[in-house]
Amino acid sequence: MSLTEYSIKNRVISWLFLVILAIGGIQSFNDLGRLEDPAFTIKDAMVISTYSGATSTEVEEELTYPLEKEIRKLPYIDNIKSTSSAGLSQIMVSMEMDYGPDELPQIWDEMRRKINDLRPNLPAGVNSIQIIDDFGDVFGVMIMVTGDGYDYVELKRYADYLSRELELVDGVGKVDISGNQQEMLFVELSLERLSALNLDMNTVMGLLNQQNSVQSAGEIMINGESLAIRPNGSLDSVESLENLIIHGRDTGNLIRLKDVADISKGIQEKPSNVITFNGKPAINLAISFGSGVNVVEVGKALDAELQALESIKPAGIHLDYFYNQSAEVDKSVQDFVVSLAQAVGIVIVVLLFTMGMRSGIIIGAVLLLTVFGTFIMMSINNIELHRISLGALIIALGMLVDNAIVIVEGILVGLKQGQTKKQAAMSIAKQTQWPLLGATVIAITAFAPIGLSQDATGEFMGSLFWVLCYSLFLSWITALTLTPFLADLLLKESDKNEQADNADPYKGVLFTVFRWSLELALKLRWLTVAGMIALLVSAVMAFGLVKQSFFPPSNTPMFFVDMWMPEGTDIRQTLKQTEKVEEYIQSQDNVEFVSTSVGQGLQRFMLTYQPEKSYEGYAQLQVRTTSRDNMFELLHKLDAELAHEFASPTFQLRLMEFGPSPASKIEARIVGPDPQVLRDIAVQVEDILLADPGSRNVRHDWRERTKQLVPQFNESKARRLGISKEDLSSTLQLAFGGNTIGVFRDGTQMLPIVTRLTEAERVDYASLQNISIWSPMLQTYVPVEQVIDDVTLEWQEPIIQRRDRNVR
């Protein structure tokens with residue numbers, strides 16, 4: 001007994017199958033996880049190291065190169081790209097695409113061990129090595145915390161509180177905070193007061209570091225009980241720090257730290273990353289989701305939690321969504337539901353004119369039940385609703401009706417020929433079941449290379465194949481079972497008095513018009529062939545006018561403005577320029593919000609967003625408009641006006657895209673050992689690109705050379721005074737920056753203690769002649785000019801880029 005005959009004879013089984021597909025499909029649809037993009041493991045990690053005081057060349061030779069060499073010993077490496085700048089090494093490590101989420105944690109651990117084993121052989125000045133193996137984490141919800149009259153420290157405290165509360169929401173993976181400015185304890189030493197008291201600042205700094213250190217003082221047993229010994233005197237308040245005794249006089253008078261220094265709390269003077277939202281200082285609260293969750297439901301839970309916390313939110317604090325993946329996914333799913341309803345409606349309406357209302361209802365119902373069955377299979381195989389699976393379902397909608405149409409059309413023909421509904425159904429099923437299966441398998445096989453790929457393509461696009469596989473195979477099953485069953489219920493048999501031999505099933509108007517057109521085309525065959533050739537040529541020519549893009553821009557009305565200041569620009573100057581650009585963009589029509597990230601990019605808030613590395617002269621402005629049409633209008637306007645309004649920076653405008661978004665559409669890589677030759681060739685390549693009238697934003701990633709001041713240290717004079725180069729560097733750092741000498745424990749917070757000169761003594765470089773340095777030989781301060789002959793200005797490479805240990 002065939003499937004068709006069985007489904008017609010056993011109506012209870014067929015009804016049960018239909019109900020299972022309908023109810024099970026709806027339930028599965030509601031239970032399916034919802035994500036913006038499929039789960040995908042980005043196989044990159046960042047190794048960030050600091051080497052205070054080192055030039056880019058010293059960082060590259062003494063820090064970046066040894067790290068690259070050690071990392072390269074791993075057999076899993078695809079490529080290593082590094083950026084060496086003054087005091088900072090940034091290494092991007094990419095693994096082969098064959099390795100998935102199960103193998104990568106072990107690979108990252110192995111890389112950590114190799115780097116940790118290398119640490120003792122690195123220069124003593126290397127302060128920290130940070131290995132970021134969650135570089136690819138996607139933070140689907142980003143909330144900007146701003147406040148009227150609040151500083152960064154106060155915003156950070158509230159953001160910490162929100163973070164602790166939101167981490168407890170079911171479905172939240174982790175909460176990360178960015179844009180916060182490090183709070184510090186500043187000890188501003190006065191050289192004038194130190195000189196008057198004849199005190200060495202190094203002695204003062206050493207005492208500060210020693211006094212606040214945590215160190216065991218041993219333990220003692222008394223009457224069988226072990227008692228720990230802990231001397232008091234630790235610095236647990238600003239007042240205790242101010243009253244720290246730093247020197248005792250023979251007269252009995254005590255000198256306290258507040259006698260020679262001003263002590264205050266504040267934020268770091270030179271930030272590494274600053275975030276603003278609509279012109280206000282902001283802290284970014286980034287939230288990632290757990291695996292396999294329904295982000296729409298998690299988003300609702302987050303909204304409910306934020307609403308519950310609204311009553312205790314400080315007055316003047318504002319929470320604004322920068323990006324809400326939950327809302328974006330919810331809109332995508334709703335759009336799919338609308339598309340599904342439209343597909344069913346179109347099927348019914350079109351078939352109403354060609355095959356009749358009953359046939360349209362049958363085929364539309366089978367289409368709907370097939371999609372419901374696909375939801376069941378997706379639920380069983382843990383495939384979530386996301387961009388790829390929804391795309392596969394939309395592709396499938398146009399293919400799922402084919403099998404059902406063939407069966408229904410065959411039944412109609414059989415009925416007109418005088419057959420019963422059962423005979424017509426069994427006859428057409430017997431004739432077409434295997435050809436239909438073959439066509440279905442061919443359609444599925446066309447997508448097999450994507451789904452069965454073992455590399456990153458299969459990991460990201462695999463659901464496209466499996467969803468199409470489930471839906472198309474189910475369409476063949478429902479065509480042979482539910483379609484004949486519904487046809488037996490809804491279709492009417494032909495009048496028994498009508499003779500089957502005389503009945504022509506192709507007497508309709510559409511068939512008559514089609515027959516006439518076919519006969520005419522065959523009669524005028526050469527004209528038909530010429531017309532086909534003309535249509536082919538026209539299609540090829542028109543195809544050249546179609547914009548080619550493998551991945552289209554996102555439907556989210558947001559775009560990015562990358563701003564690059566000349567290399568060597570201080571990040572504080574970059575921030576000032578960014579504020580002006582932000583104000584200009586905000587003044588435009590149809591702008592919903594403008595956020596900025598100065599110094600580096602934001603956290604990865606969508607899979608295809610690639611955060612920029614740390615550069616002082618870099619800022620990114622994220623602009624959201626009221627609609628997609630308004631976005632393109634504003635984009636074209638800014639593209640034409642920004643360069644004229646602001647002369648110093650260069651701008652690059654980029655859309656949010658569904659696929660990989662490279663920094664530029666055209667890139668040329670130049671590799672060689674000599675930086676000067678690389679720069680000369682880069683200039684030639686730039687000239688070639690600039691010769692094209694359509695080119696813009698032409699630049700190379702080594703940027704402009706920068707200047708540095710080089711005090712000429714007189715070693716012979718310094719030795720007579722007992723002064724070393726380290727003493728000179730430390731004194732200059734105090735004057736023009738600040739030295740971190742320890743931490744101040746404020747509850748759970750650890751505030752760096754930064755020593756520097758008072759503002760009056762560290763105003764600018766012109767005050768160099770007023771700086772004094774301690775002479776151990778003379779036991780007094782001497783002008784720093786006694787150990788410096790001259791100060792010269794030299795050019796340097798600010799950035800050294802390497803790929804696989806080759807300079808590029």
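Residues are numbered from 1 along each chain as its sequence is written, and side-chain values use heavy atoms, with hydrogens and water left out. Because the model is predicted, local features need pLDDT of at least 70 and side-chain atom pairs count only at pLDDT 80 or more, while totals for chains, interfaces and linings use all residues.

**Domains and annotated spans**

The chain is divided into six parts by an automatic or database domain assignment: domain 1 (3-31 + 356-493), domain 2 (43-135), domain 3 (138-182 + 271-334), domain 4 (184-212 + 235-267 + 708-800), domain 5 (510-542) and domain 6 (558-660). The centres of domain 1 and domain 6, taken over C-alpha atoms, are 48 Å apart.

An unreviewed UniProt entry places the feature "transmembrane region" at several spans, among them 361-380, 434-452 and 464-487. Such annotations may be inferred rather than shown by experiment. Residues 434-452 are 84% helix and 0% strand, with 25 Å between the end C-alpha atoms. Residues 464-487 are 96% helix and 0% strand, and their end C-alpha atoms lie 32 Å apart.

**Helix pairs**

Helices here are DSSP runs (H or I, at least four residues), and strands are E runs of at least two, numbered from the N terminus. Axes are lines fitted to C-alpha atoms, for helices over the stretch in contact, with angles from 0 to 180 degrees between N-to-C directions.

| Helix pair | Axes come within | Crossing angle |
|---|---|---|
| α12 (residues 357-380) and α17 (residues 456-480) | 9 Å | roughly 135° |
| α12 and α13 (residues 387-397) | 11 Å | roughly 155° |
| α7 (residues 201-211) and α25 (residues 725-736) | 12 Å | roughly 75° |

Angles under 35 degrees count as roughly parallel, over 145 as roughly antiparallel, 65 to 115 as roughly perpendicular and the rest as oblique. α12 is therefore oblique to α17. Val366, Thr370, Gly373, Thr374, Met377 and Met378 of α12 contact (heavy atoms within 4.5 Å) Val467, Tyr470, Ser471, Leu474, Ser475 and Thr478 of α17. This contact has six nonpolar, six polar and no charged residues; Ala, Val, Leu, Ile, Met, Phe, Trp, Tyr, Cys and Pro count as nonpolar, Asp, Glu, Lys and Arg as charged, and the others, Gly among them, as polar.

With α13, α12 is roughly antiparallel. Leu367, Val371, Thr374, Phe375 and Met378 of α12 meet Ser389, Leu393 and Leu397 of α13. Six of these residues are nonpolar, two are polar and none is charged.

α7 and α25 are roughly perpendicular to each other. Met201, Asn202 and Met205 of α7 touch Asp727, Ser730 and Leu734 of α25, a contact of three nonpolar, two polar and one charged residue.
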